[in-house]
Amino acid sequence: IKLHEEVKKYSYLKSKTRTLNVQEIIDQLEAIMEKGRAYAVEGITIRDIASELEISVHQLSEILNRYMGKNFNTYINSFRINEAKKLLLERPELTVIQISGEVGFSSSSIFSTAFSKSEGISPRDYRKKKCKEGE
C-alpha cells in the first residue's frame, strides 16, 4: 500500500496539468467542439486544439486520457460520428461520401470503418435501418 501511495504521489508530481483548471479547460474544449464544430475541420490535430486552448499538446493529451478516458482521435471521432448519424437521417439527399467529408473525415473508408466500429453497423445500413423504423 505504501508503494501505491508513492506511485500516486509521483504521478501527481509528474502531471502536466496540476497547475491548470482542468474543468475549465474541458468546458472550453467541449464548447470548441459543439459550438465551433472544430471536429468538422478535416485534418485538425491535437496541436491545433491545444493552441486554441492555450495549453501544451502534452497537457491536452493528459486531460483527454486521464479525465475523459480517451485519446484525441477517439474524442474527435465521437463528435464526427454523432454528427454523421444526424446527417444520415436528416439529409437523405447527401451520400455517405458527402457526409464523411462534411463531418471532417479525410476519406469515406476511414469514416465507414470508424462508424462501424462505434455503431456496430455501416453508415449505409444505419440509414436504411433508421429510415425503416421511422416509416
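The structure is a predicted model, in which local features need pLDDT of at least 70, side-chain atom pairs count only at pLDDT 80 or more, and totals for chains, interfaces and linings use all residues. Residues are numbered from 1 along each chain as its sequence is written, and side-chain values use heavy atoms, with hydrogens and water left out. The protein has 8 helices and 0 strands; helices (H or I, at least four residues) and strands (E, at least two) are DSSP runs numbered from the N terminus.

**Overall fold**

- Among contacts (heavy atoms within 4.5 Å) with a separation of 6 or more, 61% join residues 24 or more positions apart.
- The accessible surface (Shrake-Rupley method, 1.4 Å probe) comes to about 8,700 Å², and carbon and sulfur atoms hold 50% of that area.

**Helix H5**

- The 19 residues of H5 should span 27 Å at 1.5 Å a residue, and the end C-alpha atoms are 27 Å apart, which agrees; the expected span is 1.5 Å times one less than the number of residues.
- Asparagine 71 caps the N-terminal end of H5, with a side-chain oxygen 3.1 Å from the backbone nitrogen of asparagine 73.
- The buried residues of H5 include Phe72, Tyr75, Ile76, Phe79, Glu83 and Lys85.
- Cover for the buried residues of H5 includes helix H2 (22-34), helix H4 (57-68) and helix H8 (123-134).

**Arginine 80**

- Arginine 80 lies in H5 (residues 72-90) and is buried without a salt bridge (a side-chain nitrogen of Lys or Arg within 4 Å of a carboxyl oxygen of Asp or Glu).
- The nearest side chain of opposite charge to arginine 80 is that of glutamate 42, 7.9 Å away.
- A polar atom of the arginine 80 side chain lies 3.4 Å from the backbone oxygen of valine 41, and the side chain also reaches the backbone oxygen of valine 103 at 3.4 Å.
- Not counting residues up to four places away in sequence, arginine 80 touches Tyr39, Val41, Gly43, Ile44, Val103, Gly104 and Phe105.

**Positive phi in loops**

- Most residues other than glycine have a negative phi.
- Arginine 37, in the loop between H2 and H3, has a positive phi near 50° and is partly exposed, at 30% relative accessible area.
- Glutamate 54, in the loop between H3 and H4, has a positive phi of about 60° and is exposed, at 73% relative accessible area.

Notes: Buried means under 20% relative accessible area, exposed over 50%, partly exposed in between (1.4 Å probe, protein chains only). Lys and Arg count as positive and Asp and Glu as negative; His and the chain ends are not counted. A polar contact is a pair of N or O atoms within 3.5 Å; within protein, one must be able to donate a hydrogen and the other to accept it, and residues adjacent in sequence count only if both atoms are side-chain atoms.
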